[in-house]
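My notes follow in the order I took them.

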Amino acid sequence: MQKGYFPPEWVSKLKSKCDIVQVISSYLTVNKRGNVYWALCPFHHEKTPSFAIHEDEQFYHCFGCGEGGDVIKFVQNMESITYRQAMEKLAEKVGLELPEEYDGEKIAKEKKERDNVLYALNLAKEIYKSNLYKETAKKAQEYVKSRKFKKSDLDNFNIGYANGNTVIYELLKKGVSENTLIKAGIAGRDEKTKKLYDKLSNRLIFPVLNSFGECLGFSGRILEKADYKAKYKNTEQTIVFDKGASVYAIDLLKQAKRNGELKDIIVVEGQIDVIMMHSNGFKSAVASMGTAFTEKHAVAIHRFSDDVILLYDGDSAGEKATLRTIGILEKEGLNVKVAKLPKGQDPDEFLKFNGAEKMKKLLENAVSPVEYKLRLLEEQNDISRSDGKANYLKQAFEIINKIDTFSEKDVYLKLISTATSIPIDILRRDCASSKVEKRDEKEKIESVSNEDANIKSIKYVIQSILKGENFSKIDFDIKEYLVNPIHISVLEKFKEYGSFEKLIENATPEERTFINDVMEYESPAKGKDYLDQCAWKIVEQTLRIKQQILSQQYKDAKDYGERKEIAEKLNKIIVKLSQRRI
C-alpha cells in the first residue's frame, strides 16, 4: 500500500460506519425539520440555520456559503487537518482498524511510544503550571508581574515554572519511565551521577501545543541574566516535537476560527509577543518556535486561513526576516500583508506604549509585500541625492518587473512617481527597458528541467481535480493540452463516474499506477494561484511543441498558400504565448 492512500473499499466501509448526523451533532447543535437536519453553518457567520444535513444520502450542504461534502470532508474542515488525518480520526472514533500495513508491529510500537511521550509531556505541563503558584517560584512570579501578564494569559497559554527537578520526581511517581522522560526531551542524564535532571530547570515554562491541544514540548526562559545561558531554550527534536514545524498558539488559532473570530493570521516573532497580542484582543497571533519561519510553518497556518499579516520587530533583523518570510508564505499560496512597527519596537512594546486601538489601526494599514519592499528601499536610499535616487530606481524596477500584469505594475509605478517626482510615463518606459533577459548558466539549467516542471504541473492539476478542491475549476478544457493518453483517460473516467472510488474501480493497471503517483505527489505550493500557474505551464509546453512543429512545416512548405495558412496558425500561438492566456 502506498503512503497517503487508502483503498476505496476501506473508505466506503468507513463512511458506512459513520452516521453523518451523529458526527456533525458532536460539533454543532442540530435540529430536524422534515427529512432534513439543520444547523448554523460553522464555516460562515449566520443567524438563521442554512446548513442542511441529509441523513439518507449522508452529505451536508450550506445554502449560505455553498460549502458541502461527506462526513470525512466535514471533519477535515472542522479540525483543519488533511483528508487522510480526518479518515484516521473517524476510524478511531468508530473502531475501524486501519489497513493492514498501518497495523504492523513496527507501527504499533511507534504509536505506543508516541502515546507514552505525549502522556508524559501533558502531565509535565500540569506540574509546571502548579509550580508557578508555589512559594518556591518567587522569581518566576516577579517576572510574570513585570511583564504585566494577566491571570487569563497564564491560563490561556498554560504558563508554568520548572522548579529544580520537581517535574522529574513527580512524573516518576506517576509511573512514567526514565526512558520516556528522556525521549520526551523533558529529562537529561548527568554523565557523572547518572541521575536524571530537568533540562529546563529554573526557567519560566511556555508549553507548545498542537492544534488538538496536546503538549508537544516546551520553551523555557531564564529568569536571571547569565552570560553562559541562552535566554530561551526549547525542547530538543523528539518523535512529537519539531520546532521547524511547530507553531506557537496554533491551538488558540483553531479556537478563534471555531468562534468566528479569525480573519487574518498575525505572525509575530516570539512567545511574549503572541501572549500580549492575545491579551489585547488579537486572538489570531502566532509565532514560529525559536527558529526562522519555514515552509512547514506556512503549511500549518494555511489550514486555518488564506490571509496573513506579518508583524515582525521594527529593526534590521526584523526587516530581513520579513523579506524572507514573505517569499515562503507566497510560495504556499497565502495572501500576505505587512504591518511595519516603529524602529526598535516589537509588538509587546508597541502595545505598552500605544495601546490596542493603535495596534488595530497599524494592522488595518498593513500593505502589500511590493509596497513594503518599496518603502524599505526608500528608507535605505537618500532619494534627495541623484546617486541615491538612481540606486533606488534600479532596485525598485527589479521588484516591479517581477509582477506579471501591467495594471498592477502601474499601481506601484505611481507610488514611485510620488516618491521621486518623476513623471509616470518616463517611469513606465525606463522600467520596461530595464527588464534585461539573463542568459546565464542558471537559465540553461532551468530550461533543461522544464519538462520535469511540466510533469509536476500535470500532477498537481489532476490531483486537485481528483481531490475535488474548491479551487480546481479551470476556465478551459485542460485535456486539450495533455498529450499522454493515460492522463486524458483518467480525467475522462473521473468525469464519467463522478467519484474517486468509482474511478479507481474502473481504472486500468496503468491508470491506477498513475493515480497513485498523482495522489502521493507533494506540491511545493497550493491554492488557486498556484493551480493557474501549473495549468499555464501545461498549456505553454503544448503550445511550444506545436510552434516547433509548425515552424518546421513552414520551412518545408513550397506553396505560398500553404505557408500563409501555417503562418496564421503560428501567429495565433505566438500571441497566446506573449499574452499568457488561452
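**Charge pairs and a helix**

I started with a cluster of charges: Glu319, Lys340, Lys343 and Glu379 are joined in a network of salt bridges. I then asked how many salt bridges the structure holds. The count came to 31.

Next I picked single pairs. Lys15 bridges to Asp70, with 2.9 Å between the closest N and O atoms. This pair links distant parts of the chain, 55 residues apart: Lys15 belongs to helix α1 (residues 8-17), while Asp70 sits in the loop between β5 (68-69) and α3 (71-79). Are the two partners buried or exposed? Lys15 is partly exposed, because its relative accessibility is 26%. Asp70 has a relative accessible area of 17%, so I noted Asp70 as buried.

I went on to Glu79 and Arg258, whose side chains form a salt bridge at 3.2 Å, N to O. Glu79 is in helix α3 and Arg258 in helix α10 (residues 250-258), so this bridge ties together parts that lie 179 residues apart in sequence. Glu79 is buried, since its relative accessibility is 5%. Arg258 comes out at 44% and therefore counts as partly exposed.

For a local pair I took Glu371 and Arg375, where the closest N and O atoms are 2.8 Å apart. Both lie in helix α16 (residues 369-380), 4 residues apart, or about one turn of the helix. Arg375 is partly exposed, because its relative accessibility is 41%. My reminder for this section: side chains of opposite charge can pair when their charged atoms come close.

**Helix α13**

I checked the length of α13 (residues 316-331). Its 16 residues should span 22 Å at 1.5 Å a residue, and the end C-alpha atoms are 23 Å apart, so the two values agree. Which residues of α13 are buried? I listed Gly318, Glu319, Thr322, Thr325, Ile326, Ile328 and Leu329.

What do the buried residues of α13 pack against? I found α12 (295-302), β15 (307-310), β16 (335-338) and α16. Just after the helix, Gly333 takes a positive phi of about 90°.

**The sheet**

I traced the open sheet next. It has 5 strands in the order β12-β14-β13-β15-β16, and the pairing is mixed. The edges are β12 (247-248) and β16, each of which pairs on one side only. As a reminder to myself, strands of a sheet pair through backbone hydrogen bonds, either parallel or antiparallel.

I followed β15 across to its partners. With β16, β15 pairs in the parallel sense over 4 bridges. Val308 has Val336 in β16 as its bridge partner. On the other pairing, strand β13 (residues 265-268) and β15 run parallel over 3 bridges. There, Val267 stands opposite Leu310 in β15. Leu310 also has a bridge partner in β16, namely Val338. The chain passes from β15 through α13 to β16, and this β-α-β crossover is right-handed.

**Two single residues**

I looked up Ser457, which is placed in helix α21 (residues 450-467). Ser457 is buried, because its relative accessible area is 6%. Which residues does Ser457 contact, leaving aside its neighbours within four places in sequence? They are Cys534, Lys537 and Ile538.

Glu92 is in helix α4 (residues 83-94). Its relative accessible area is 65%, so Glu92 is exposed. I also took a distance: Glu92 and Trp10 are 14 Å apart, C-alpha to C-alpha, and 82 residues apart in sequence.

The chain averages a pLDDT of 86, and 93% of the residues score at least 70. Where does pLDDT stay under 50? I marked residues 437-451, for which the model has 5 contacts beyond four places in sequence. Where pLDDT is low, the predicted coordinates should not be read in detail, so I left that stretch alone.

Conventions. Residues numbered from 1 in each chain as written. Predicted model: local features only at pLDDT ≥ 70, side-chain atom pairs only at ≥ 80, totals over all residues. Heavy atoms only, no water. Salt bridge = Lys/Arg side-chain N within 4 Å of Asp/Glu carboxyl O. Helix = DSSP H or I, 4+ residues; strand = E, 2+ residues; numbered from the N terminus. Buried < 20%, exposed > 50% of the residue type's maximum accessible area, 1.4 Å probe, protein only. Expected span 1.5 Å × (residues − 1). Contact = heavy atoms within 4.5 Å. Pairing = 2+ DSSP bridges. pLDDT = per-residue confidence, 0-100. Right-handed = clockwise from strand over helix to strand, strands pointing away.
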